[in-house]
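Dear colleague,

I am handing over the structure we spoke about, and my notes on it follow below. Please read them with the structure open beside you.

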Amino acid sequence: MSVSPWRAFLVMVGAVLFGPLLILVFFSFNDSSVLALPFEGLTLRWYRLALTDPSLHAALLNSTIVALIVAPLCLVLGTLAAFGITRFRFRGRGAVAGLVAAPLILPWLVIGIAALMAYAKADITLGLPTVIATQAVCTFPLVTAIVGAQLFRFERVQEEAAIDLGCNRIQVLRYVVFPHIAPALAAAGIFAFTWSFNNYEISAFTLGFQQTFPVWVYSSVRDPDHTAVVNAVSALISAVQVLLIWGGLKLIKRRTSNEAATAMITGASQAGGKA
């Protein structure tokens, strides 16, 4: 039985993307701190150590706080920027769009070092507020790109029809525009949360003496005795993030339609909203 090149390519991409994660989960149950075969036995000891580590608890709490603030903030800023860039024509629009998109092009390592120098120059104490501010600057352009792409595909004639039928601007936004961009907003919110939670480069330079989860992982993985614990907690975090994405998809399907959830993943254009 012959295998098509396209299917072989998909299998290869899937192996590259999910193979390391499966290996990580596989070795998190190994009764040895050494990542090598053969197995020395199955154990849950690394999961118990991860769940009772106070430094890990503090790092997870910091990452969660930062992500819960950055994601909604970036949704608001990114959506406003997307509306401004796609709906209005003004002098310097291209320059503004390029400036907004710049953090998506610049390496986060450079941004983290630049932010550290700026905070030091301004005599600002490093901590969670500086991490939140810097991550917001780097994350809201992603929201702008996702929401802006959906707005570009939106037919303005639907708004004009709603206004002709007696809707005011608020009703047009609520019943016509927002149902159309809801999948994009959901996708942008998920991406913003995961980007913020998993960010290392910016957090490492702007956090000061505290730790977020990625910083804790990097500091722990250098110790061979903690490698298995890192495997265990990373497997748990990955499972939680997969469940969050699955829950987001189910919520989108319930509140809109199956096509809307598909559009969130594939970027396909969604059918127009209700008038």
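In this predicted model, helix H6 has a kink of about 30 degrees at Val137, and this kink lies shortly before the proline Pro141. The helix itself runs over residues 128-152, and at 1.5 Å a residue its 25 residues should span 36 Å, which agrees with the 35 Å that lie between its end C-alpha atoms. Because 18 of the 25 residues of H6 are buried, the helix is largely enclosed by the rest of the structure.

I also looked at the second largest pocket, which has a volume of about 460 Å³. Its lining is made up of Leu17, Phe18, Leu21, Asn198, Phe213, Ser234, Ile237, Ser238, Gln241 and Val242, and the elements that contribute two or more residues to that lining are helix H1 (5-27) and helix H11 (227-255). The largest share, 5 residues, comes from H11. Sorted by class, the lining of this pocket holds 6 nonpolar and 4 polar residues, with no charged residues among them.

A last point concerns Ala161, which is found in helix H7, residues 157-164. Is Ala161 buried, exposed or partly exposed? With a relative accessible area of 36%, Ala161 counts as partly exposed, because that class lies between the cut-offs of under 20% for buried and over 50% for exposed. Ala161 and Val172 stand 11 residues apart in sequence, while the distance between them in space is 9.6 Å, taken from C-alpha to C-alpha.

With best wishes

Methods. Residues numbered from 1 in each chain as written. Predicted model: local features only at pLDDT ≥ 70, side-chain atom pairs only at ≥ 80, totals over all residues. Heavy atoms only, no water. Helix = DSSP H or I, 4+ residues; strand = E, 2+ residues; numbered from the N terminus. Expected span 1.5 Å × (residues − 1). Bend = angle between axes of the 7 residues up to and from the residue. Buried < 20%, exposed > 50% of the residue type's maximum accessible area, 1.4 Å probe, protein only. 1 Å grid on protein atoms, 1.4 Å probe; cavity = no way out; pocket = protein on both sides within 12 Å on 5 of 7 lines; lining within 4 Å. Points joined across faces, edges and corners; volume = space filled by probe spheres on them. Nonpolar A, V, L, I, M, F, W, Y, C, P; charged D, E, K, R; others polar.
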